[in-house]
Amino acid sequence: AKVTFIEHDGLEQVVDIPTGWTLMQGAVQSGVAGIEGECGGSCACATCHCYVDEALVDSLPPPSETEEEMLDCTASERRSNSRLSCQIRVSDALDGMVVRLPEAQS
Ligand code: FES
């Protein structure tokens, strides 16, 4: 699925992410600066925090309890569309998704 990552400074990068990968893996693989993924996707660092498409946020599986807890300790403000990108599996349904990146990660 093609996902557009927008850095806090407005820089856009479109990444084609294979089904089954996480958003974080796709972003890190393509060198998207705003996503670090320090813990390698085990939901323990919150450096993969992102703001997902408002239009799609409700169609994603809700955050697990661990993700919920991590979202409360992100470096940048938590918003209603805040998610950890390592917890979001890419599928065709996400094609065209827009993901904005918080300032503190770049
Ligand atoms: Fe560490 Fe997502 S990569 S919480």
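1. What you're looking at. This is a predicted model, where local features need pLDDT of at least 70 and side-chain atom pairs count only at pLDDT 80 or more, while totals for chains, interfaces and linings use all residues. Residue numbers start from 1 along each chain as its sequence is written. The protein's mean pLDDT is 95, with 98% of its residues at 70 or more; pLDDT is the predictor's confidence in each residue, from 0 to 100. The model's scores are ipTM 0.99 and pTM 0.95.

2. Five strands make an open, mixed sheet, ordered 2-1-5-3-4. Strand 2 (12–16) and strand 4 (82–84) sit at the edges with a single partner strand each, so one side of each has no neighbour in the sheet. From one strand to the next, the twist averages 35°, taken between lines fitted to C-alpha atoms, with angles from 0 to 180 degrees between N-to-C directions. Strands here are DSSP runs of E, at least two residues, and helices are runs of H or I, at least four, numbered from the N terminus. Two strands pair if DSSP finds at least two bridges between them.

3. Strand 5's partners. Strand 1 (residues 2–6) runs parallel to strand 5, joined by four bridges; Thr-4 has Val-98 as its bridge partner there. Strand 3 (residues 49–52) pairs with strand 5 (residues 97–100) in the antiparallel sense, over two bridges. Tyr-51 has Arg-100 in strand 5 as its bridge partner.

4. Back to the opening question. Buried means 20 or more other C-beta atoms within 10 Å of the residue's own, exposed means 12 or fewer, and partly exposed is in between, with C-beta atoms placed from the backbone.

5. A look at Glu-38. You'll find Glu-38 in the loop between helix 1 (23–29) and strand 3. With 14 other C-beta atoms within 10 Å, Glu-38 counts as partly exposed. Leaving out residues up to four places away in sequence, Glu-38 touches Cys-45 and Thr-47 (contact means C-beta atoms, placed from the backbone, within 7 Å). Cys-48 is 10 residues from Glu-38 along the chain, and their C-alpha atoms are separated by 7.8 Å.

How values were computed
Contact = placed C-beta atoms within 7 Å.
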